[in-house]
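Subject: Structure handover

Hello,

Here is the structure I promised to pass on. Please open it alongside this note; what I found follows below.

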Amino acid sequence: MPMLPLQDPEELEMGSFWAEMATRKHKVTGVSQFQRLASIAKLVLVLPHSNADAERVFSVVGLNKTKTTNSLALDGTLSSIMTIKMAGLEPCFKWEPSSTLIKASKTATSQYNKAHKS
């Protein structure tokens, strides 16, 4: 890979700049010059610069785990609700289950009702 001349970081995209720093080698020894610094920079650059995502998650949990639905387990139903909502899928009222899913649901409901009939 051809070496880019060292430029002002403002002129380069940050990813390209740090990729260049990671591959830059000393002209005489051939040893990587900035490998550790580039690795640290890559770690720092992927850190979120705000807590908006975390706040959004707390908001969704608060809207779904209310006094009336307090029995939702964090590792069960609430987790499933959160996964679907955070996936950014279309609204649930627009979702159309497949005929196979409807048939399987009806079968499972019927079997459950038969097993738990008093």
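A salt bridge here is a side-chain nitrogen of Lys or Arg within 4 Å of a carboxyl oxygen of Asp or Glu. By that rule, the whole structure holds one salt bridge. More on that pair below.

First, the ground rules. This is a predicted model: local features need pLDDT of at least 70, side-chain atom pairs count only at pLDDT 80 or more, and totals for chains, interfaces and linings use all residues. Residues are numbered from 1 along each chain as its sequence is written, and side-chain values use heavy atoms, with hydrogens and water left out.

Confidence
pLDDT is the predictor's confidence in each residue, from 0 to 100. The chain averages 75, and 71% of the residues score at least 70. Among the elements, helix α5 (residues 99-115) has the highest mean pLDDT, 90. Helix α4 (residues 77-86) has the lowest, 71. Where pLDDT is low, the predicted coordinates should not be read in detail.

Overall build
The chain has five helices and zero strands. Helices (H or I, at least four residues) and strands (E, at least two) are DSSP runs, numbered from the N terminus. Of the 118 residues, 12% count as buried. Buried means under 20% relative accessible area, exposed over 50%, and partly exposed in between (1.4 Å probe, protein chains only). The accessible surface comes to about 10200 Å². Carbon and sulfur atoms own 61% of that surface. Areas come from the Shrake-Rupley method with a 1.4 Å probe; for residues, only the protein chains shown count as cover.

Contact means heavy atoms within 4.5 Å. Of the contacts with a separation of 6 or more, 14% join residues 24 or more positions apart.

The core
Which residues form the largest nonpolar core? Six do: Phe17, Trp18, Met21, Ala22, Ala38 and Ala41. The elements that give two or more residues to this core are α1 (14-23) and α2 (35-45). Helix α1 gives the most, with four residues. Such a core is a set of buried Ala, Val, Leu, Ile, Met, Phe, Trp, Tyr and Cys residues joined through side-chain atoms within 4.5 Å.

In α1, the buried residues are Phe17, Trp18, Glu20, Met21 and Ala22. They pack against α2.

Take Ala22, in helix α1. Its relative accessible area is 10%, so Ala22 is buried. Leaving out residues up to four places away in sequence, Ala22 touches Ser32, Gln35, Ala38 and Lys42. Ala22 and Gln33 are 11 residues apart in sequence, and their C-alpha atoms are 7.7 Å apart in space.

The charged pair
Back to the salt bridge. The side chains of Arg24 and Glu20 meet at 3.0 Å, N to O. Is Glu20 buried or exposed? Glu20 is buried, because its relative accessible area is 3%. Arg24 counts as buried too, at 15%.

The surface
Ile40, Val44 and Leu47 make a nonpolar surface patch of about 290 Å². Ile40 is found in helix α2. Patches are made of residues with over 30% relative accessible area and no salt bridge; like charges are joined within 9 Å, nonpolar side chains (Val, Leu, Ile, Met, Phe, Trp, Tyr) within 5 Å.

Best regards
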